[in-house]
Amino acid sequence: IMDLMDKLTHIFGQGLSNSFYPVPQQAIGVGSAFEGWSPRAQDVVYHVLVPLSPPPGHAFHLQLDTVGMLQKNFCVCVELLERLGEDVLCFLHHLEEDLRRKEDPSLLHTLCTGSYLDVEKTVHWFCRFVRVAWMLLPHSCHWHFILQPCSRSYKFHLSKDKESFMVEVIFGVRQGDSDIFVGSQPSEVGIPSTMWLETNAMAEAKFFRHISRQAPEDSCHCKCLQLLTGILMGVDFSSYALKTTVMHLLNTVPLTWWRRRDFQQQLMDILKYLRCSLDTKQNHFVIGNKRLPEEISLPSNFWVARPPNLFQHLASNPDAHTKAVQ
């Protein structure tokens, strides 16, 4: 999958090198499938984050829009940095009549709404590019490809003989030089198309890779997480809350305690920590965590920010809280 994404990104880079469209960078595998603990092995979706860089002569500026209980929302403002040649038009900032006279009239609103990068327009445009790029790849001769566009991401299904893969691609803009992005991941209904959601997916994926390098070969941490997410999902515990619980323990308990022979004990420790978290209001793993590996780069405000309560929905619903404790 990552080999395919690298080839698609290379085609994107060639096709967009002299344009005023954002250029996708090397794709990053994130989420449970790449971290090694997919709760439903029969329905694995490989989540891929594709960073976007601004086109030549432009810059992206993140503007905080709202602060939610668990997630910050941003707008990506596009700024023109320099005066472009008379025969070259910026896709955002030239007057519409100039564009109609010199370029395709639809260019002005291809990827932006006003001065803000539009998630839905960006996804729609890249989906059209993917359909063309796929035919240029050698994979197209051997694999059956079905593209499934969504409003804020796109999925594609690959199949050949008895093999099949489902991939979901989201786009992201990096916060400075950190491992935190604002992304196009699907969210609640009604979110504006100019809204990008903060995601820690890359930082968390790097944490799991760090653990896999340090842990014993027979470490059972992924099996513990896989088993518990399969059992407890649907009982007011999201897979993300369970993942956060395990990450906290991996970050505090010696990795030598996660050997296969300790599987049952670690399951019990995870459940005890989860039970305690319901009472103490579980903290976010990345925000405010000063024990993260040095290789994970965070924005400076993450170190002093107050971690959100992942169980806020239970704190405001006594019946659901009681059920979760049971």
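Visitor: Is the crossing in which H6 passes H7 left-handed or right-handed?

Guide: The model is predicted, and in it H6 and helix H7 (residues 239-250) pack with their axes 10 Å apart. Where H6 passes H7, the crossing is right-handed.

Visitor: How are H6 and H7 directed relative to each other, roughly parallel or roughly antiparallel?

Guide: The angle at which H6 and H7 pack is about 150 degrees. Angles over 145 degrees count as roughly antiparallel. H6 and H7 are therefore roughly antiparallel.

Visitor: Which residues in H7 meet H6?

Guide: On the H6 side, the residues are His221, Leu225, Leu228, Thr229 and Leu232. By class, the residues of this contact divide into 6 nonpolar, 3 polar and 1 charged.

Visitor: Why is H6 called oblique to H8?

Guide: Helix H6 (residues 221-232) and helix H8 (residues 263-280) pack with their axes 10 Å apart, at an angle of about 55 degrees. Roughly parallel needs an angle under 35 degrees, and roughly perpendicular needs 65 to 115. Because the angle is about 55 degrees, H6 is, by these cut-offs, oblique to H8.

Visitor: How many nonpolar residues does the contact of H6 with H8 have?

Guide: H6 brings Lys223, Cys224, Leu227, Leu228 and Leu232, which meet Phe263, Gln266, Leu267, Ile270, Leu271 and Leu274 in H8. The contact has 1 polar and 1 charged residue, and its nonpolar residues number 9.

Visitor: Which residue in E9 is the bridge partner of Gln148?

Guide: Strand E8 (residues 144-149) and strand E9 (residues 154-160) run antiparallel and are joined by 6 bridges. A hairpin of 4 residues connects E8 to E9. The partner of Gln148 in E9 is Lys155.

Visitor: Which residue takes a positive phi in the hairpin of E9 and E10?

Guide: E9 also runs antiparallel to strand E10 (residues 163-174), with 7 bridges joining them. Across this pair, His157 stands opposite Met166 in E10. The hairpin has 2 residues between the strands, and the residue with a positive phi, near 55 degrees, is Asp161.

Visitor: Over which residues does pLDDT stay under 50?

Guide: The mean pLDDT of the protein chain is 85, and 88% of its residues reach 70 or more. Where pLDDT is low, the predicted coordinates should not be read in detail. One stretch, with 33 contacts beyond four places in sequence in the model, stays under 50: residues 91-109.

Methods. Residues numbered from 1 in each chain as written. Predicted model: local features only at pLDDT ≥ 70, side-chain atom pairs only at ≥ 80, totals over all residues. Heavy atoms only, no water. pLDDT = per-residue confidence, 0-100. Contact = heavy atoms within 4.5 Å. Axes fitted to C-alpha atoms, helices over the stretch in contact; angles between N-to-C directions. Nonpolar A, V, L, I, M, F, W, Y, C, P; charged D, E, K, R; others polar. Left-handed = near helix turned anticlockwise from the far one by under 90°. Pairing = 2+ DSSP bridges.
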